Each structure stands twice: as structure tokens, then as C-alpha cells.
Amino acid sequence: MHNVINYLEESSIKFKDKIAVIEEDKKITYDELNNYSKSGGTYFAKEKVFKEPIIIFMNKGIDALIGFFSSLYAGCHYSLIDPDLPKSRIEKIIETTNSKYVITNSNYKDLANDYFSGLNVLDIEDLKKNDIDNSLLEEVKNKAIDYDPVYVNFTSGSTGVPKGVVISHRSIIDFISNFTKIFNITSDDILANQAPFDFDVSVKDIYSSISVGATLVIVPKAYFSSPAKLLDYLCEHNVTTMIWAVSALCLITTFHGLDYKVPDKVNKVIFSGEVMPLKHLKIWQEHLPNTMFVNVYGPTEITCNCTYHIIDNKREYVDKIPVGKPFPNERVVLLDEENNEISEQNKVGEICVVGSAIGLGYYNNSEQTSKAFKQNPNETRYLETIYYTGDLGYYNEDNELMFNGRKDFQIKYLGHRIELEEIEKSIMEIEEVRRTCTIFDEEKSKLYAFYIGDISKADLQSKLREKLPVYMLPTKLIQLEEFPLTKNGKIDRKKLFELK
Ligand code: AMP
């Protein structure tokens, strides 16, 4: 198998009338999802659009999935843009992808026409009405190879421009086939999707579900500000599987959601994205004592995750949970500053990954690509790409991999991956600002931006809103006359922590 579309095709035969996806009061069967996607695919195939980026401009949902699979039926790749992003950020993404086609739905049609004048803006309802040309779609599929991209996921970039991580059919098939096998995800499962579709946690929901013929229940974003409603929704749909970001699971426990209601059909909770606080994990385990909990680790660039650790109910975890061992067909190594492989325990090195699940780099960005995706310095006999994650790790006494923070200024804030430099670049773009530095207080989960310049905090805040997504806006702006400096003349970040 070399095309993820086969997942949908096969499930639409085996599970024809089964509900594939539920989104509040909307439902779609496998057969309908497949046929609508084929209709959309036929449109692009007739236009001879092949291997092109298609922008999906809408929130997560059934329409977005039809947009994704329409793109793939045409041998193209998709990139979902969240319509709530500021216009200037959307423009940067469009500039990077150079897309000619945008698929939207009635909710965002007017906005799409405003933002994407000059591009082909297509309404999903019109795409769904196209007559299917099966022989044309077959022709396209025969031309596609497993190295072709499936999606481009944009993530924060230290240069000030978001980086588009490119992931291929081969990588998804490699990862998802192991992921579903190891965690026993089957057609009996009902998966509750938490993550937005421009966040790669959702890739596990979508492709696990479609590949085994399970049912995917999309949890609307708004439910995350109302834990009772969220838990009612999970229980109402008899959810069995939660593949969620740590921040979302902690949101439920922070608001004592499980004291209100326990989604007791849940038998698998697979979490990632951040270090899971033991206190929160314990609460989940107490309420779901027979459920399997798994810590999975990895950046978007290596297709979701490269290591996992199944929580042992009898083990007393002190301090933190391991990120564990590699998924099959992934080689995860620790390298020191000189690229020597570390095998001894308790010695910290950079986590690096080799394998089919490694992405194809950053879209239209060879400079950033070559910084992280390199020829493996320890394999000089043939081509072997190694991805440098920027994460630090070490092996514990049981030779399990432990996560040990970052090498750089990348952080996780409200579940989002952010390069602090991107915030700083955006602040520096504001004419009145002369200098800036951003720090993150992990304990309090607060983001502080210091600046020197003739602009009030309120004005700076409103200018930043036009540039940055809400989750990247500093919690507090602090105006300074001058920055505290270290002996070497660098900004003294430690002192800034005292000034916040
Ligand atoms: P993203 O690309 O948004 O999935 O973010 C990836 C980054 O999140 C990784 O490089 C890590 O820094 C962090 N991360 C992901 N999973 C875990 C985990 N299980 N434990 C600790 N940090 C994690």
C-alpha cells in the first residue's frame, strides 16, 4: 500500500453504511465520505491539478475531511488554515505555499473571497456535486507515489515566518500502521478528536480511524471552555479512545470535570505534546482504573510521535514519566555536541530520529530544512536523513528515554508549539520598538515580552493582535528603559525573570 486514500477506499467497502464521522448533530457514512471526496477529487483531476497544495480554509469538521480527501484523490496535498488566524499570518502561509486553490464552506466563504482574491476559492458544497470519474481518479492514483506529500502543517518559526512541515503518504502509513497495532485501535473504537486539524495530534485521530473503520467524533473547540458540556458529549457518544494533548486532559482535571462525570467507556488515553504532570495523570487513573494510559513523544516533523511509554499502574513514578522506547521502524538516538551517539545512562544529548516516518522538510524553505534534516553524520556510506529534534533527553536506569527540555527557545504554551523568536520578530516589526526579548515562565505558564520603544503597552498589544495568533500574544508587556546585560553583552534573561 502506498497511498493513504486506500484507507478510505477499503473502509468504504468494508464499512459502507457505518458512521465514519460525527460532528455535533451532523453524521457521515464511510460511503458518503468516500463519494464526496471522489467528487472533489474529480474536479481537480479534470483541471489537471496534480501534486499541488490545496488550502482548506475552515475549522475542523466533516467538510474539512472531505476537502482533505478530495485533494488526495487528485494526487495533491492539503494544508488547513484556521480562519481565526490574523490576516497577515495567513498571507505569510499563502506566500510560502503559493497555492492556487482554496476550499472553504459557507461559514467562511465571504472571508475567503476577501483574503484570497486572485485565487480559486471553491465552496465544498459545489465540489461535492461533481460527477465522479472513476477511471480518471484511477489514472491519477497510478501516477502518485508514496513519497508524495499528504499535508503541510504550519508551525511557529524562529525566523518570524511559520514553517510548513511536509509529511508524505509513506510516513503516515509507516506510523499509523504501527500506532493502531500497538494500541489495538480497531473498528469497534469510537475516537474523540480534540486537536484542531492544523495540529498533528489530529493526524492520529483521522488516519487511525479511517484505516481501521472506526468512528471519529469531532469535539468542537468551544466545548473546551465548558468541561461539563465536554464530558456530556464524550459520554453521550460512548467514546472509547482519546488521543489528546496533555494540556486538554489537564483542562478537564483542573476544573474537576471527572467529579462531574466519567467517560467510563474510554479504554485508551494516549497523550502527548508536553510533560504530563503526575498529579493530573493520577486523577485520570483514579477515575478510569482499567484504562490504558500512554505517553507518546515526538515533533510534527517525524509524523506525530517516535517513542511511547505505556503507563504501568503498579509502578510508582517519581518525578516524571519516561517517553519510553521507539515505535517499530524508527531509530531514535541521543547525540552529543560532537554527534557521538550516547548509550550510557543519565547522560544528556539531543534526541535525533531516523526512519520512514521522517518528514520531507519545510515547504519551500530549504534553508530551515537543511538546519534540522541532515545527512546522518554517523552514516557516510549512503544517503540517510537524520532529524535533529532540538529536544534533550537521557536514558534512565531502565534504559528508557526521558525527556529533558529544549536546546533552544521553543516552548509549549496553552498546548501550542511556539518559537519565542517568532514573537520577538513580530514585535520588532513594529516601527516604534527598538529592542525586545520574550521569556516564558513555565511554572506559571505565562509569557512576558519586554521592550524598549516609544509605544504604549496598549498600542503595542493591539498591533500585535494583527500579527500573531491569540495563543502567541504575551500575557504581559513590560516597557523598559534599558535591558539588563550579561558580562558578554547579551540580554540577561535571568534578570528579566526578576523584573516580570
Ligand atoms: P509538536 O510539533 O507541536 O507536536 O511539538 C513537539 C514538541 O513538543 C517536541 O519537540 C517536544 O519538545 C514536545 N513534546 C511532545 N511530546 C512530548 C512528551 N510526551 N513529553 C514532553 N514533551 C513533549
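## Ligand site

A backbone N or O atom of Val296 lies 2.9 Å from a nitrogen atom of the ligand, a polar contact in the sense of a pair of N or O atoms within 3.5 Å (within protein, one must be able to donate a hydrogen and the other to accept it, and residues adjacent in sequence count only if both atoms are side-chain atoms). Taken alone, the ligand exposes 490 Å², of which the protein buries 95%; accessible areas come from the Shrake-Rupley method with a 1.4 Å probe, and for residues only the protein chains shown count as cover. This is a predicted model, in which local features need pLDDT of at least 70 and side-chain atom pairs count only at pLDDT 80 or more, whereas totals for chains, interfaces and linings use all residues. Residues are numbered from 1 along each chain as its sequence is written, and side-chain values use heavy atoms, with hydrogens and water left out.

In total, 16 residues surround the ligand, the closest being Asn295, Val296, Thr300, Asp391 and Arg417, where a residue is counted if one of its heavy atoms lies within 4 Å of the molecule. Strand S13 (292-297) gives the most to this shell, with three residues. The shell divides into six nonpolar, four polar and six charged residues; Ala, Val, Leu, Ile, Met, Phe, Trp, Tyr, Cys and Pro count as nonpolar, Asp, Glu, Lys and Arg as charged, and the others, Gly among them, as polar.

## Helix H3

Helix H3 (residues 62-73) has 12 residues and reaches 16 Å from its first C-alpha to its last, close to the 16 Å expected at 1.5 Å a residue, the expected span being 1.5 Å times one less than the number of residues. Helices (H or I, at least four residues) and strands (E, at least two) are DSSP runs, numbered from the N terminus. Because 12 of the 12 residues of H3 are buried, the helix is largely enclosed by the rest of the structure; buried means under 20% relative accessible area, exposed over 50%, and partly exposed in between (1.4 Å probe, protein chains only). Among these buried residues are Asp63, Phe68, Phe69 and Tyr73. Just after H3, Gly75 takes a positive phi of about 75°.

Thr180 lies in helix H8 (residues 169-182) and, at 11% relative accessibility, counts as buried. A polar atom of the Thr180 side chain lies 2.8 Å from the backbone oxygen of Ile176, and the backbone oxygen of Ser177 lies 3.3 Å from a polar atom of that side chain. Not counting residues up to four places away in sequence, Thr180 touches Ile185, Ser208, Ser211 and Val212, contact meaning heavy atoms within 4.5 Å.

Gln368, found in helix H14 (residues 366-372), counts as buried at 9% relative accessibility. With residues up to four places away in sequence left out, Gln368 touches Ser158, Thr159, Lys163 and Tyr362.

## Loop residues with positive phi

Asn329, in the loop between strand S15 (325-326) and strand S16 (330-335), has a positive phi of about 70° although it is not a glycine, and at 49% relative accessibility it counts as partly exposed. Asn399, which is not a glycine either, has a positive phi of about 60° and is found in the loop between strand S19 (385-395) and S20.
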